[in-house]
Amino acid sequence: MSFFLSGKVQAQNTSIGVDMSLIDGIELNADNIFNYRIDNRTGQSQQVEVVGRVYYRRSGLNFSYRYNTTVQPGQNNISRNSIPTPTWIFSENALRELFLTYNKLPQGTYEYCITVTPKKPGAEQPDVNEPSACAYQTVEDIFLINLVTPENDAKIYEYNPMLAWVVNYPFASELTYKLRVAELKEGQNPQNAITRNNPMYKDDHVMTTGTVYPVTAKPLQKWQPYVWTVDAYYKGILLGGAEVWKFTIVDDSELVAVPKDQSYYEFEKHIGDTRLYAVGEVKLKYISDLNSDTLSIKILKNDGEAANSRTFTFPVRLGDNRIIFEIYDKVNLKHKERYSLKIIRGDKKEFIVPFTYINPLFIK
């Protein structure tokens with residue numbers, strides 16, 4: 001996936017400009033990097049020196065080319081076949097191979113600037129540092145590396161699973177991989193978890209497209225969700241990364257068969273214990289005789305202590321109210337553990353509703 005922004009910057013010599021619109025939205029490669037126009041507004045042919053520079057802002061990777069050509073009055077369409085052989089300079093030999101041999105750029109945000117300088121025979125050439133035009137682009141090839149197993153959101157039984165992926169690069173045999181596995185904590189999405197959390201396991205030099213989670217790494221725990229991803233490198237240069245996938249280790253004996261679609265529970269008439277399951281959510285029914293009221297709900301552990309610090313409020317109106325209290329993405333509760341809802345009405349009357357929490361991922 002690539003995002004592209006470009007803008008023309010006027011150089012010191014405004015009589016010659018560069019139009020880079022032909023490569024708008026296109027990732028640069030050795031075939032299209034010269035697809036631009038030079039606009040000669042001097043009214044006569046000009047000998048010019050053209051310098052193109054590509055610079056990665058964060059990594060410091062960069063390369064440039066240089067060539068001399070003659071531009072005629074008006075617009076001159078430049079292409080790879082219309083110019084003399086350019087002189088290339090690369091910050092790293094691996095970057096030269098990647099670009100010129102495999103027609104590929106690394107992952108990241110780069111700036112591509114072109115400077116056109118008129119040449120006067122026999123005269124000292126001006127030192128023009130201001131580019132004629134620049135373009136900016138972000139390369140993020142998340143579709144060239146695909147995770148295979150465990151599948152996304154998989155429930156697995158192995159504590160040392162095989163982690164495998166495939167790549168779509170034609171030079172895949174020359175790549176190495178960085179593998180990361182991290183915990184998924186409450187309130188996080190997979191991308192945040194893999195970015196912010198310390199990895200449970202990391203290997204920066206995987207030579208194949210798969211590896212077994214090693215017994216020497218920090219042990220994986222049952223019911224704890226984990227995320228994992230892979231980045232691909234060519235001789236130390238980051239090419240791209242896969243999506244972030246999630247898996248959870250389960251025990252088959254812990255999987256339960258309960259109806260996922262639970263009915264609404266009229267808690268005000270509750271007497272004694274009940275076999276109420278919360279499959280990621282609790283559905284409550286409340287008949288109010290007030291025009292407006294508010295129900296405040298806290299989740300308690302089996303010992304009566306608060307399961308977390310949050311209080312959830314729900315407005316109710318006169319008559320029949322149906323409330324869906326979504327728990328799964330808001331509170332981190334343990335699968336098959338007993339909890340209670342402490343419901344407080346506007347007049348401070350309290351109701352205690354015991355329930356068994358069922359993680360919706362662990363239903364047969």
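Student: Which class is given eleven residues in the lining of the second largest pocket?

Tutor: In this predicted model, the lining of the second largest pocket includes nine polar and seven charged residues. The class with eleven residues is nonpolar.

Student: What is the volume of that second largest pocket?

Tutor: The second largest pocket is lined by 27 residues, with Gln107, Gly108, Glu140, Asp231 and Leu238 nearest its centre. Among the elements that give two or more residues to this lining are strand 8 (108-118), helix 2 (190-196) and strand 17 (237-241). The volume of the second largest pocket is about 660 Å³.

Student: How much space lies in the largest pocket?

Tutor: Its lining has 36 residues, and Trp223, Pro225, Asn332, Leu333 and Asn359 lie nearest the centre. By class, this lining divides into 13 nonpolar, ten polar and 13 charged residues. The space in the largest pocket is about 890 Å³.

Student: Which strand gives the largest share of the lining of the largest cavity?

Tutor: The largest cavity has a volume of about 30 Å³. Gln262, Ser263, Leu276, Tyr277, Glu281, Val282 and Lys283 line this cavity. Three residues of the lining, its largest share, come from strand 21 (residues 281-301).

Terms used: Residues numbered from 1 in each chain as written. Predicted model: local features only at pLDDT ≥ 70, side-chain atom pairs only at ≥ 80, totals over all residues. Heavy atoms only, no water. 1 Å grid on protein atoms, 1.4 Å probe; cavity = no way out; pocket = protein on both sides within 12 Å on 5 of 7 lines; lining within 4 Å. Points joined across faces, edges and corners; volume = space filled by probe spheres on them. Helix = DSSP H or I, 4+ residues; strand = E, 2+ residues; numbered from the N terminus. Nonpolar A, V, L, I, M, F, W, Y, C, P; charged D, E, K, R; others polar.
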